[in-house]
Amino acid sequence: MSDLGGLSGRSYGPFAFRVSSAQVAAYVEATGDDSQRWATHAPPSFAGAVLFKAVPAFFADPEVSTHARLLIHGEQAFSWMAPWRVGSSLSIEGRVDRLRRRGETAFVTFVVDVKDDRNQAVLSSRSLFLMSAGVPPGGGLEEREEPDPEARRVNARPTRGGKVIPGTALPGLPKSASRSDLVRYAAASEDFNPVHWDHGRGVASGVGGVICHGLLMAAWATQPAAAVTDRLDPLVSGRFRFRRPLYPDTAAEVTAAVADCTGGRANIKTAVVSDAGTHVVATITARTG
């Protein structure tokens, strides 16, 4: 069995990807975003779907696949350089940037770079994955009751026009996902990690059962920040930390506050929270000019 020691620097791709109207529409619907706004361009959070054009090749690597069976997404960062028009073509390449171990768990930093058909950079992505061949990286949470497939709470869509004033809170955004919603998100993003749809795999991974995708919650976290402007390239960068799992049919809310503004940009702190605590925290830089 591989100890992953030879992975550092290994690359995957490039992979060709077309931003199709059907996939963008399915992604917008699955993330509860504004379908009228994102008709001609993909929303910034579509970076999660772009990321998963390269990540599956990494997970399928024979030296990685046994460890990828038990996997948790720990952190995610995106830098957006340009908007993606529906119909545009992208080239995507991933590489293992860093690998370290703590006991039986490997901490893998995976970088993805995306270019358009003119070879111009449009996205940079950095992911932290916790992987194990045998010991659940999520800890040892007790098994939960399997949720009803369609049960969920309020899942509101973002409303544009929040005031960008330092120290000001933006309107809260109620969010929730059913187990079926997670399957729909998996289809739209191509993030088919079984922990998000297979109850048994969730239990084996130490998180108690099916949990929401980290990148789905990250998509929720971007929505209040993107809503402060009508631009089709509303975001500059975002860093997301996944603190605790969110289960289907749980009432959650995206909170957001403007930290500071300068030079046509605003730094916005967002979080996905529920009665159980904080699930995602994010620092997002939005374009306001």
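This report walks through some salt bridges, a histidine and a surface patch in a predicted model.

## Salt bridges across the chain

Let's start with the charged pairs. Searching the whole structure turns up 18 salt bridges. One of them joins the side chains of Arg157 and Glu29, with N and O 3.1 Å apart. Arg157 sits in the loop between strand E5 (121-132) and strand E6 (169-175), while Glu29 belongs to helix H1 (residues 21-31), so this pair ties together parts that lie 128 residues apart in sequence. As for cover, Arg157 is partly exposed, because its relative accessibility is 36%.

Next up is Glu190, which pairs with Lys53 in a salt bridge whose closest N and O atoms are 3.5 Å apart. Here too, distant parts of the chain are linked: Glu190 is in the loop between H5 and H6, Lys53 is in the loop between helix H2 (47-51) and helix H3 (55-60), and the two are 137 residues apart. Both partners count as partly exposed: Glu190 has a relative accessible area of 26%, and Lys53 comes in at 24%.

## Around helix H5

Arg179 makes a salt bridge with Glu146, and the closest N and O atoms are 2.8 Å apart. Since Arg179 is in helix H5 and Glu146 is in the loop between E5 and E6, the bridge ties together parts 33 residues apart in sequence.

## His199 and its neighbours

His199 is found in helix H6 (residues 199-204). With a relative accessible area of 7%, His199 is buried. Its side chain reaches the backbone oxygen of Arg144 at 3.4 Å.

So who else is around? Setting aside neighbours within four places in sequence, His199 is in contact with Glu143, Arg144, Glu145, Glu146, Arg179, Gly208, Gly209 and Val210. That list includes Arg179 and Glu146, the partners in the 2.8 Å salt bridge.

Val183, Phe192 and Trp197 make a nonpolar surface patch of about 300 Å². Val183 lies in helix H5 (residues 179-189). Val183 counts as partly exposed, because its relative accessibility is 45%.

Key. Residues numbered from 1 in each chain as written. Predicted model: local features only at pLDDT ≥ 70, side-chain atom pairs only at ≥ 80, totals over all residues. Heavy atoms only, no water. Patch = residues over 30% accessible without salt bridge, like charges linked within 9 Å, V, L, I, M, F, W, Y side chains within 5 Å. Areas by Shrake-Rupley, 256 points an atom, 1.4 Å probe, with all protein chains shown as cover. Salt bridge = Lys/Arg side-chain N within 4 Å of Asp/Glu carboxyl O. Helix = DSSP H or I, 4+ residues; strand = E, 2+ residues; numbered from the N terminus. Buried < 20%, exposed > 50% of the residue type's maximum accessible area, 1.4 Å probe, protein only. Polar contact = N/O pair within 3.5 Å; in protein donor to acceptor, adjacent residues only side chain to side chain. Contact = heavy atoms within 4.5 Å.
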